[in-house]
Amino acid sequence: LGTPNLYHPHRYFGDLTHVTPYKYEELGALLVLAGYRVTGFYRIYNDSFLRRALRLHLGVWIHRWLSIDFAHTVMVEAVAA
């Protein structure tokens, strides 16, 4: 199950097809309440090599300080319990 990342500065509000925003914990809790067992959480980020390297090595400190995330999508993996 995937959704736009709520912690990304503009990703969620740039996609009007999603009505309700979900944080990591809320998305996992919904799956547990629906009877699934959560096996993993993933952050999806795909970019060119140079931009990715700069974000992962230099931008990560700024993102942590501002409490934002550069990953565009959040994905939760779950199996039937």
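In which helix is the place of Leu 58? Leu 58 belongs to helix 2, which covers residues 49-66; helices (H or I, at least four residues) and strands (E, at least two) are DSSP runs numbered from the N terminus.

This is a predicted model, in which local features need pLDDT of at least 70, side-chain atom pairs count only at pLDDT 80 or more, and totals for chains, interfaces and linings use all residues. Residues are numbered from 1 along each chain as its sequence is written, and side-chain values use heavy atoms, with hydrogens and water left out.

Three strands build an open sheet in the order 1-3-2, with antiparallel pairing; two strands pair if DSSP finds at least two bridges between them. Strand 1 (2-4) and strand 2 (36-44) are the edge strands, each pairing on one side only. Strand 1 pairs with strand 3 (residues 73-80) in the antiparallel sense over three bridges, and Gly 2 stands opposite Met 75 in strand 3. Helix 1 (residues 24-33) packs on the sheet and touches strand 1, strand 2 and strand 3, where contact means heavy atoms within 4.5 Å.

**Two exposed residues**

Exposed means over 50% relative accessible area, buried under 20%, and partly exposed in between (1.4 Å probe, protein chains only).

| Residue | Relative accessible area |
|---|---|
| Leu 58 | 57% |
| Ser 67 | 55% |

Ser 67 lies in the loop between helix 2 and strand 3. The phi of Ser 67 is near 60°, a positive value in a residue other than glycine.

Notes:
Axes fitted to C-alpha atoms, helices over the stretch in contact; angles between N-to-C directions.
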